[in-house]
Amino acid sequence: MSEKATSIDEYLDGIDPAFRTELERIRALVTRLVPSVEESVSYRMPTLKYKDRALVYFTASKKHMSFYPSSWAIDEFKDRLEGYRTSAHAIQFTLDKPLPTELIEDLVLFHKRQIDENQQ
């Protein structure tokens, strides 16, 4: 994994190809849901920004991947996240137990609404 990636593509070039496929799926899904997102790398993580705010981050580690949709979104959909390891800001998942498309959509659109309402 590239510690100094300056773009999402560069970050993805440095990870396990199987993880890359899954993170590309998430990237494409978020971009389809919110076409105006801007790509960047923030805190060494691929970041999709909306209205100059981080909408989601995603990362790959040795044994799992993480998705960061916001603490508000994680709280809102906590009941649907059973079986995944979560923290205040992140959801960990694996290739054996990926995040379902519908759940990603709900998490992203919930956070987008929070940003639209200028939630801090």
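Q: Which residues do ring pairs link into a cluster?
A: Ring pairs link Tyr-43, Tyr-57 and Tyr-68 into a cluster, where rings of Phe, Tyr and Trp (its six-membered ring) pair if their centres lie within 6.5 Å, planes under 30 degrees apart being stacked, over 60 edge-to-face and the rest tilted. This is a predicted model, in which local features need pLDDT of at least 70 and side-chain atom pairs pLDDT 80 or more, while totals for chains, interfaces and linings use all residues. Residues are numbered from 1 along each chain as its sequence is written, and side-chain values use heavy atoms, leaving out hydrogens and water.

Q: How many aromatic pairs does the structure hold, and why is the pair of Tyr-57 and Tyr-68 given its class?
A: A pair of aromatic rings is described by the distance of the centres and the angle of the planes. The structure holds three aromatic pairs; in that of Tyr-57 and Tyr-68 the centres are 6.1 Å apart and the planes at 85°, so the pair is edge-to-face. Because Tyr-57 lies in strand 3 and Tyr-68 in strand 4, the pair ties together parts 11 residues apart in sequence (strands are DSSP runs of E, at least two residues, and helices of H or I, at least four, numbered from the N terminus).

Q: Is Tyr-57 buried or exposed?
A: Tyr-57, at 16% relative accessibility, counts as buried, whereas Tyr-68, at 22%, is partly exposed (buried is under 20% relative accessible area, exposed over 50%, partly exposed in between, with a 1.4 Å probe and protein chains only).

Q: Which residue lies over the face of Tyr-84?
A: Lys-97 does, at 4.8 Å from the ring centre (the criterion is NZ of Lys or CZ of Arg within 6 Å of the ring centre and within 35 degrees of the ring normal).
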